Amino acid sequence: MGKNLLRKVWDLHKVRTLPSGQDQLCIGLHLIHEVTSPQAFAMLAERNLKVLHPERTFATVDHIVPTDDQNRPFKDDLAEQMIQALEANTAEHGIEFFGLDSGLQGIVHIIGPELGLSQPGMTIACGDSHTSTHGALGAIAIGVGTSQVRDVLATQTLALNPLKVRRIEVGGRLPPGVYSKDIILRIIAELGVKGGLGYAYEYGGTAIEALSMEARLTICNMSIEGGARVGYINPDQVTFDYLEGRRFVPKGGDFEKALRYWKQIASDAEAEYDDRFQLDADALEPMIAWGINPGQAVGVDQRLPVLKDLKPGEREAAEMAYDHTHFQPGQPIKGQRIDVVFIGSCTNGRISDLREAARQVRGQKAASHVKALVVPGSQEVAEQAAAEGLPEVFREAGFQWRKAGCSMCLGMNPDVLVGDQVCASSSNRNFIGRQGSPKGRTLLMSPAMVAAAALAGEVTDVRRFSQGGEA
Amino acid sequence: MSTAKMREISGRAVVVRGNDIDTDRIIPARYMKELTFDSLGQYSFYDQRFDASGKSTDHPFNDPRYRDASILLVNKNFGCGSSREHAPQALMRWGIRAVLGESFAEIFAGNCSAIGVPTLTVGPEQIEQLMKRVEAEPAAQLHIDLESRILQAGDSSLSFSLPESQAQLFLEGAWDTTNTLLEGLKEIQATAVHLPYVKEFPYDRSGGNRSAEP
């Protein structure tokens with residue numbers, strides 16, 4: 001029996017077994033941002049510790065940045081203090097910081113892959129649960145809390161419990177109008193939001209192999225929504241083509257060396273897994289997470305669940321969801337009126353997402369009652385979009401075109417829902433209060449579905465609008 | 001920084017019922033705009049405790065009978081979602097010293113452990129019984145023994161699970177991992193220098209790049 005990628009990477013990075021029985025693993029890339037790092041730097045200072053390998057840590061600012069007026073000082077004094085703390089900490093410790101004037105700033109999980117920092121066979125840590133995103137490149141990428149950010153800064157290692165690996169095989173191929181976002185929403189709906197506890201998810205199969213790198217990043221991004229702290233896809237030609245030429249990726253002869261490593265680190269053909277799960281992409285339809293966790297999702301042609309049809313555990317969760325959303329059990333999701341649309345986030349804020357959304361709205365108008373926001377995931381994405389004329393396409397359709405940041409995904413910056421607004425969102429979480437209003441309601445879907453919802457002013461089937469789909 | 005050995009936790013309990021209680025509910029993101037964790041306790045479950053007009057709800061964290069509780073009782077997948085350590089930090093600064101429930105999200109449990117708050121698991125029937133008991137008698141004292149993995153509530157007791165690796169961390173006062181990890185400094189460097197992407201094909205730091213996507 002062969003080894004899977006997780007085992008290979010784990011063994012290569014293992015420093016030793018700790019007295020507790022946990023493994024101490026070397027971290028190849030550490031990404032930090034303004035929200036979960038200041039306390040970690042303060043803890044280092046308290047202990048007179050320095051950053052062990054500042055050259056393997058990179059910083060950016062994303063959660064708190066306003067996406068409209070970015071003039072300094074920020075209007076929000078707390079946000080200003082946080083960016084200043086990051087500027088001071090990175091300067092003091094010699095850490096490269098992609099700030100607002102760098103041209104390279106963006107959501108941390110967008111810029112890692114974009115700059116070629118995230119590579120196959122690496123271990124990657126970041127104080128953010130969506131760190132699983134980077135696994136799309138064949139890395140083992142782990143979301144951590146602030147004390148563990150401190151650990152990585154001080155020791156370039158983490159103490160980790162071993163993970164089991166579940167192989168998720170997605171066969172067939174995606175129908176037009178159905179996207180990688182729909183694959184991951186279906187996986188979470190099937191396996192549940194706690195189905196991945198203790199597991200890393202390895203995604204594979206013909207439908208996954210056929211996805212672009214950006215579409216793969218969307219899948220791995222939401223692994224944590226299924227309870228899996230780590231998600232990855234074996235590196236292949238799509239991965240190598242994506243990485244070649246990127247800023248931090250080795251060039252020339254070094255690239256050839258990298259390729260050799262990247263190829264051998266992929267799971268062996270006969271690799272062992274602790275569990276397996278299968279899904280057929282041909283049967284998928286556009287998905288909408290309607291409730292208060294991303295697992296409460298239905299296909300666009302389905303009706304919301306009727307309580308008596310649900311298993312006891314799911315029934316309670318659905319009751320809470322209805323209590324919050326005031327949606328009606330058994331109502332069709334199609335036709336649900338929406339107030340706000342948000343296209344962006346580390347899940348779906350990449351150039352291919354914006355292109356796909358722009359394709360839907362080109363020459364059309366958002367419904368007059370809808371507030372529509374497009375927020376590129378990084379300054380590089382914004383620049384590329386501008387080169388393609390996308391901001392004009394969106395503006396003409398009545399959307400606001402913003403600057404790069406986490407924006408309306410999480411309510412830590414001025415972009416928030418108001419009252420009980422319903423938001424069609426390309427982000428990753430529909431938790432109560434997630435988008436900044438305790439009463440706000442979030443419907444998660446693909447960027448194309450969000451764009452279609454903006455035009456219709458209600459949830460609609462993007463397949464009615466177009467025949468397109470991701471390759 | 002040395003951390004204290006921890007074997008027993010005693011005190012009142014507070015019950016927060018529900019599965020999949022996420023970290024956005026434990027502490028809304030807007031209260032994370034802080035440079036330290038010091039003041040977070042007051043924001044625990046904030047949007048559950050206060051309605052839109054700022055009026056207190058009947059959330060258990062508002063109930064004076066639970067005000068001095070140090071043990072939090074929960075159901076399944078508690079702490080799912082964001083990796084924010086702000087969530088366990090807020091609970092700890094509110095006064096919580098241990099969390100007992102059916103299951104925990106992984107990052108949350110790791111974050112709790114890293115700040116010295118054990119997450120202990122028991123079966124659905126046991127937690128239901130215990131919750132009922134505490135709701136009926138909020139002043140009841142619970143005693144948790146991490147070594148024997150026994151929780152004592154009056155004359156009844158139940159055994160909980162705590163992985164051996166975690167139990168050792170608390171019993172030996174080694175739950176603050178930085179020191180332990182640093183003890184392996186030589187081995188860290190030995191492992192790091194042999195990583196192919198460190199040794200054979202390091203990052204290109206010459207600053208050239210192409211734009212977002214071909």
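This is a short tour of a predicted model, with one stop after another to select in the viewer.

**Stop 1: chain B as a whole**

Start by selecting chain B. Its mean pLDDT is 94, and 96% of its residues reach 70 or more. For the complex, the predictor gives an ipTM of 0.95 and a pTM of 0.96. Now show the secondary structure of chain B. You will find nine helices and eight strands. Along the principal axes, the C-alpha atoms of chain B fill a box of roughly 65 × 45 × 30 Å. Chain B has 214 residues, and 46% of them count as buried. Look also at how the chain folds back on itself in sequence terms. Among contacts in chain B with a separation of 6 or more, 68% join residues 24 or more positions apart.

**Stop 2: where the chains meet**

Show both chains. The contact takes 83 residues from chain A and 62 residues from chain B. Which helix gives the most to the side of chain A that touches chain B? Select residues 146–155 of chain A: this is helix α5, which gives seven residues. Then colour that side of chain A by residue class. It divides into 34 nonpolar, 30 polar and 19 charged residues.

**Stop 3: the largest nonpolar core**

Next, select I288(A), V341(A), L443(A) and L73(B). These touch the most other members of the largest nonpolar core, which holds 215 residues.

Return to I288(A) and show what surrounds it. Leaving aside residues up to four places away in sequence, I288(A) touches A297(A), V298(A), V300(A), I333(A), L443(A), L444(A), M445(A) and V459(A). In soluble globular proteins, nonpolar side chains tend to be buried together.

**Stop 4: a four-stranded sheet in chain A**

Finish with an open sheet in chain A. Its four strands run in the order β11-β10-β9-β12, with parallel pairing. Which strands stand at the edges? Select 230–233 for β11 and 275–280 for β12, both in chain A. Each has a single partner strand, so one side of each is left without a neighbour in the sheet. On average, neighbouring strands of this sheet are turned by 20° against each other, direction ignored.

Now zoom in on β10, residues 199–204 of chain A. Strand β10 pairs with β11(A) in the parallel sense over four bridges.

Note on methods:
Residues are numbered from 1 along each chain as its sequence is written. Chains are lettered from A and ligands numbered from 1 in the order in which they are written. This is a predicted model: local features need pLDDT of at least 70, side-chain atom pairs count only at pLDDT 80 or more; totals for chains, interfaces and linings use all residues. pLDDT is the predictor's confidence in each residue, from 0 to 100. A nonpolar core is a set of buried Ala, Val, Leu, Ile, Met, Phe, Trp, Tyr and Cys residues joined through C-beta atoms within 7 Å. A residue is buried if 20 or more other C-beta atoms lie within 10 Å of its own, exposed if 12 or fewer, and partly exposed in between; C-beta atoms are placed from the backbone. Two residues are in contact if their C-beta atoms, placed from the backbone, lie within 7 Å. Two strands pair if DSSP finds at least two bridges between them. Helices (H or I, at least four residues) and strands (E, at least two) are DSSP runs, numbered from the N terminus. Axes are lines fitted to C-alpha atoms, for helices over the stretch in contact, and angles run from 0 to 180 degrees between N-to-C directions. Ala, Val, Leu, Ile, Met, Phe, Trp, Tyr, Cys and Pro count as nonpolar, Asp, Glu, Lys and Arg as charged, and the others, Gly among them, as polar.
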